[in-house]
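Here are my notes on this model, as numbered points. Please read them with the structure open.

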Amino acid sequence: MTETSTHTLTRRGLLGLGAGAGTALLLAACGGGGGPAGPAARRSGPASAAPTAYTGPNVTLSFWNGFTGGDGPYMKKLVDQFNGEHPNIKVTMNVYQWADYYAKVPAAVTAGQGPDLGIMHVDSVATNAARQIVLPLDDLAASLQLAEADFSPPVWQAGTYKGGRYAIPLDVHPLGMFYNKTVMREAGLDPEKPPQTAGDYLAALEELKKAGVQGHWATPFPFTGTFQFTSFLYQHGGTLFNDDASKAMFGGDAGVQALTWLVDLVKKGYSPKNVGQDADVIALKNGKAAFNWNGIWTINTLNEVEGLEWGVAPLPQIGSQPAAWAGSHQFVVFKQRSQDDDKLTAAKVFINWISRHSLEWAKGGQVPARKAIRESAEFQALKEQATIGSQIDHLFFPPPVAGVADVSPLIDTAVNSAILLKKEPAAALSDAVTKADKLLEQNRKKYGG
């Protein structure tokens, strides 16, 4: 599985930040032109209803995405099946590293050479809608009678911008708690009852410590230190931003509590210091750790380890309410200099077909966004995916505001410096909030509010 996130980079793209570096992570910027997309811009596309079948002349659709990991073959299989069932539509798939994808797409669209459709993460949709890179899809949602109830409220709202719909959710990919059953058993813990409360979790870490095991390796990297921090933030009743993302809120009491909990893992000896990138999941595989809070993509990674006894559970509730970080891949249709209505109709048929066939996509390490598929017996039979998917009502996404992802590196840096014991959590978060508020103000001016 390609490890994707609200950061728009895979872990492979995290360059130049070793353990102890404590420097800001540079994430891919989505370049491109165009001003804010107001109501007139949202009405600029063809108003015809989107059918579920295409009867027009033969068309070829260019489909770009960043599925370079283990999920790629699953999407290719779906594309091949679609092409076989739709002889008048040929979908060609181009795959890039996510960082390259987000750099290429706006430039290609601006030059009039963009793909017909693609995938974007939730925190990139609003930015590209504001830049008029992606087209509104209100008519697609209306004609197919798609609504919030067919998905889940957070993931459905994440694909909007200024009252218009610009994306159709394909999946969600949340964090879960992976655990090594052998390590738990050897420490006297029940491998069939992973801890799910704060008290039980800390008690388990203490027992592991007595057995000479540092149970939860606290990583200072976005994959998955920042994701764990944001999960705790929401568990403690906090939020990353206010509703319109005009102010950063992650430095309040909830944020300090969340980051302090992670830092205390290191200070109390439950985690080693200076954990390297991916060292936490490697430790789980090698029997050096009991627990690893990681993305759903880890399912297929662990399945490849011969003889490993492992399980997965929802994230333990450390704060006052359940919550878990999640990313989401969403379908978008790109603006063209000369819009071809046949291609647009065919693209909408493709999006709807993939959405309805996303059970196969789930096998690549995803939770289908579509509720009917998520609740089907076939998906529930995918035990690990279904377990992580059970958190669907407790997931959160950034507000659909242009440029909101620009703040992610600041949060990464705060988490990094605190877990590496370079700054106290409150100070690290305060510094990040000050910079974030300035950046959010710049983005409001840049994107017209």
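1. Helix H10 crosses helix H19 in the right-handed sense. This is a predicted model. H10 covers residues 253–267 and H19 covers residues 425–446. Their axes come within 9 Å and cross at roughly 130°. Angles over 145 degrees would count as roughly antiparallel, and 65 to 115 as roughly perpendicular. H10 and H19 are therefore oblique to each other.

2. Which residues of H10 meet H19? They are Gly 255, Val 256, Leu 259, Thr 260 and Val 263. On the H19 side, the partners are Pro 425, Ala 426 and Leu 429. By class, the H10 contact with H19 has 6 nonpolar residues, 2 polar and no charged.

3. H10 also packs against helix H18, residues 408–419. Here the angle is about 35° and the axes are 9 Å apart. This crossing is right-handed. H10 contributes Leu 259, Leu 262, Val 263 and Val 266. H18 contributes Ala 414, Val 415, Ala 418 and Ile 419. The class count for H10 with H18 is 8 nonpolar, no polar and no charged. Note Leu 259 and Val 263: they are listed in the contact with H19, and they are listed in the contact with H18.

4. Now the sheet. It is open, with 5 strands in the order E2-E1-E3-E11-E6. The pairing is mixed. Which strands stand at the edges? Strand E2 (89–95) and strand E6 (168–169) do. Each has a single partner strand, so one side of each is left without a neighbour in the sheet.

5. E6 pairs with strand E11 (residues 329–333) in the antiparallel sense, over 2 bridges. Pro 169 has Gln 330 of E11 as its bridge partner.

6. Two helices lie across sheet strands. Helix H3 (residues 98–110) lies across strand E1 (59–65), strand E3 (117–121) and E11. H3 runs at about 125° to E3. Helix H13 (residues 341–356) lies across E1, E2, E3, E6 and E11. H13 runs at about 55° to E1.

7. Finally, confidence. The protein chain averages a pLDDT of 89, and 88% of the residues score at least 70. Over residues 1–49, however, the pLDDT is below 50. That stretch has 155 contacts in the model beyond near neighbours in sequence.

Notes
Residues numbered from 1 in each chain as written. Predicted model: local features only at pLDDT ≥ 70, side-chain atom pairs only at ≥ 80, totals over all residues. Heavy atoms only, no water. Axes fitted to C-alpha atoms, helices over the stretch in contact; angles between N-to-C directions. Helix = DSSP H or I, 4+ residues; strand = E, 2+ residues; numbered from the N terminus. Parallel < 35°, antiparallel > 145°, perpendicular 65-115°, else oblique. Left-handed = near helix turned anticlockwise from the far one by under 90°. Contact = heavy atoms within 4.5 Å. Nonpolar A, V, L, I, M, F, W, Y, C, P; charged D, E, K, R; others polar. Pairing = 2+ DSSP bridges. pLDDT = per-residue confidence, 0-100.
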